Amino acid sequence: MNREFMCPPAMALTNDDEFQKGVKHLFENGVSKLPNKYILPVSDRPKVDKEHPNAAKSSLKLPVIDFGELQGPNRSQVLNSLSSACEEYGFFQVVNHGIPIEAIRSMIDVSTRFFGLPYEERAKYMSSDMTSPVRYGTSLNQRKDSVFCWRDFLKLVCHPLSDVLPHWPSCPMDFREVAATYARETKWLFIRITEAILESLGLWGATTEEKTEEDDEILKQFHAGSQLMVVNCFPPCPEPDLTLGMPPHSDYGFLTLLLQDEVEGLQIQYKGKWITVEPMPNSFVVNVGDHLEIFSNGRYKSVLHRVFVNPAKPRLSVASLHSLPFNCMVGPSPKLIDQVNPRRYKDTDFATFLEYISSCEPKKKNFLESRKLT
């Protein structure tokens with residue numbers, strides 16, 4: 001029988017309020033058939049390998065950037081690798097990053113415990129206000145999505161930390177302390193990676209003699225920049241070939257630093273195909289955001305990525321999205337515009353992005369496409 005036309009299971013799921021409570025709530029209530037609300041049109045479904053339903057057909061080891069090497073004599077070779085990774089893949093993995101393993105493990109552990117709390121405790125942080133310093137929710141935009149994705153999330157605004165921390169969850173008891181430590185560590189790593197990216201674009205010098213006031217000004221803006229932490233929870237899904245954990249999208253910011261557990265799920269679009277990114281213990285997956293594509297005038301590309309789910313294992317990830325301050329305009333760097341490379345993008349800011357996603361369902365790279373100059 002065609003699943004698209006089947007009725008929802010007997011559990012009272014005809015009420016849309018049940019879906020608003022999220023997929024962890026559905027999973028905890030023993031849902032055994034995927035409700036129609038989550039069933040994607042056939043053309044949007046993941047193409048999974050029937051013999052190995054947990055995995056897509058092809059997987060990929062992303063370019064690996066050894067952060068320790070950036071500080072040594074091989075810096076120029078590492079910068080070349082970084083540049084080609086941003087141009088070809090829009091993604092890379094960072095190892096030897098300097099963030100203590102304990103900070104990483106603690107963040108995964110406390111996030112797992114948060115999603116293990118009773119629904120009533122998690123629901124205290126539910127909000128449809130996109131500017132709220134803490135927001136628990138489900139799907140992408142649960143007020144607008146016509147088809148829901150199999151994902152719950154906790155979003156934490158991380159800057160300025162002292163202002164937002166009192167709003168963050170107070171349960172588990174160590175949540176604020178662990179998450180704040182992790183936020184500081186990822187901010188530090190973001191700044192170091194950004195220095196390397198600016199240098200790879202020829203916009204920032206590694207030595208004091210090479211730096212200009214303008215270069216230092218850019219980095220000051222990043223130091224004061226926005227940081228949003230998104231903890232994603234993907235419970236086991238009864239029919240994973242009919243839905244996605246997250247649909248194809250690019251990230252709006254400058255860079256995203258993603259911490260994954262050991263369960264596969266992330267896929268990137270590479271040469272027109274969906275490729276699964278193999279999880280690498282204690283590494284970060286870093287991806288180019290729309291703001292970096294605009295800033296680099298199209299030299300570095302933000303890439304479509306999505307998340308598939310599986311029937312057996314829960315998956316957890318922590319994405320740390322970084323950019324310039326919310327009120328800053330982002331445009332192509334003047335140093336990257338000339339006759340051969342004319343300006344390709346309009347200036348944009350975070351308010352424009354919020355207005356855009358509030359007015360429609362965000363799909364693929366539609367926001368970035370709206371900023372292109374024809």
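Predicted model: local features only at pLDDT ≥ 70, side-chain atom pairs only at ≥ 80, totals over all residues.
Mentor: In it, strand β3 (residues 91–95) pairs with β11 in the antiparallel sense, over 4 bridges.

Trainee: Which residue in β11 is the bridge partner of Phe 91?

Mentor: Asn 287.

Trainee: And how many bridges join β8 to β11?

Mentor: There are 4, and those two strands run antiparallel. Leu 258 stands opposite Val 285 of β11.

Trainee: How many residues of β11 are buried?

Mentor: 5 of its 5 residues, 284–288, are buried. Phe 284, Val 286 and Val 288 point one way, while Val 285 and Asn 287 point the other way.

Trainee: Switching to Asp 261. Where is that?

Mentor: Asp 261 sits in the loop between β8 (255–260) and β9 (266–270).

Trainee: Why does Asp 261 have no salt bridge?

Mentor: The nearest side chain of opposite charge, Arg 315, is 4.5 Å away, and a salt bridge has to be within 4 Å.

Trainee: What does the side chain of Asp 261 reach, then?

Mentor: The backbone nitrogen of Leu 316, at 2.8 Å. The backbone nitrogen of Val 263 also lies 3.0 Å from a polar atom of the Asp 261 side chain. Leaving out residues up to four places away in sequence, Asp 261 touches Pro 279, Pro 314, Arg 315 and Leu 316.

Trainee: Last one, helix α5. What should its 15 residues span?

Mentor: At 1.5 Å a residue, α5 (residues 101–115) should span 21 Å; the end C-alpha atoms are 22 Å apart, which agrees.

Trainee: Which residues in α5 are buried?

Mentor: Among them are Ala 103, Ile 104, Met 107, Ile 108 and Ser 111.

Key: Residues numbered from 1 in each chain as written. Heavy atoms only, no water. Buried < 20%, exposed > 50% of the residue type's maximum accessible area, 1.4 Å probe, protein only. Lys, Arg positive; Asp, Glu negative; His and termini not counted. Polar contact = N/O pair within 3.5 Å; in protein donor to acceptor, adjacent residues only side chain to side chain. Contact = heavy atoms within 4.5 Å. Expected span 1.5 Å × (residues − 1). Pairing = 2+ DSSP bridges.
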